[in-house]
Amino acid sequence: ARARRGLDRQHLLRSLPTSSSLSPADVVAGVGVVDVAALAPEPPVRAAPLRRQPAPPPRHVLFVALESIAARHVDATTMPRLLELGTDHAVWFDDHVAEAPVSIKALFSLLCGLPPLPSRELESAVLPRLDCRSLPEQLAGRGFDAGFFHGGYFAFTDKLALLTERGFSALVDGENLPTRDARVWKNGWGADARVVVEESLRWLDGRLAAGQPSLNVVVPLIPPPESFQ
């Protein structure tokens, strides 16, 4: 009778003993009282175990986070090389929406996989040492070398408070670029992205030569000056 009325799909009504004199209308109306001790527990429904397909682990992971650039502006004209790399060897998060319009909050979310604080308080100031099992820490624990290359300045919002002791062996920003020379153009926000990318590739070349798996996080900020022409 329950099945004919479709009541077998209602969890509350399915829990009623078969001998109950309560009608479905009484239960829905909330006037019935069920003797819980008389209910027979249903056997647990367990999903089939996940089956993982064996696959070789990646040797080198390039993580590019673009500052204030929407996915619609990444094309063959603006970033041809990045698109070429992404054709067969990348996962694109082109529907990603920044968790907050503040760089340090967005970086916290990207690296830790957690939402940022729903307030003006910065994670680098309030919980910089939060044990969030961040991406670089996870990969460093599996033998990867990790580097972080930023076109801005770590001093802004005290980024190092969050990034230090997160598994990065190299932390480079617009202030401490080793390859700084006359070609480097900078302003109050940071150094141009061209030199930041060159430094990250130089670091990656060292990992390739040593056969060392790596995570290369690149967060450019200032485009080269000729792009403003």
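Which residues in H4 are buried? They are Ile-104, Lys-105, Ala-106, Leu-107, Phe-108, Ser-109, Leu-111 and Cys-112. Buried means under 20% relative accessible area, with a 1.4 Å probe and protein chains only. This is a predicted model: local features need pLDDT of at least 70, side-chain atom pairs count only at pLDDT 80 or more, and totals for chains, interfaces and linings use all residues. Residues are numbered from 1 along each chain as its sequence is written, and side-chain values use heavy atoms, leaving out hydrogens and water.

Helix H4 spans residues 103–112, and eight of its 10 residues are buried. Helices (H or I, at least four residues) and strands (E, at least two) are DSSP runs, numbered from the N terminus. The cover over the buried residues of H4 includes helix H5 (123–126), helix H6 (135–140), E2, helix H7 (159–163) and strand E4 (214–219). Gly-113 follows H4 and has a positive phi, near 70°.

Strand E2 (residues 145–150) holds His-150. His-150 is buried, at 4% relative accessible area. Its side chain reaches the backbone oxygen of Val-219 at 3.0 Å. Leaving aside neighbours within four places in sequence, His-150 is in contact (heavy atoms within 4.5 Å) with Lys-159, Val-172, Asp-173, Gly-174, Val-196 and Val-219.

Now the second largest pocket. Its lining has 14 residues, and Glu-67, Ser-103, Phe-156, Trp-189 and Leu-221 lie nearest its centre. A pocket is an open set of points on a 1 Å grid over the protein atoms alone, where a 1.4 Å probe fits, with protein on both sides within 12 Å along at least five of seven lines; lining residues have an atom within 4 Å of a point.

Terms used: Buried < 20%, exposed > 50% of the residue type's maximum accessible area, 1.4 Å probe, protein only. Polar contact = N/O pair within 3.5 Å; in protein donor to acceptor, adjacent residues only side chain to side chain.
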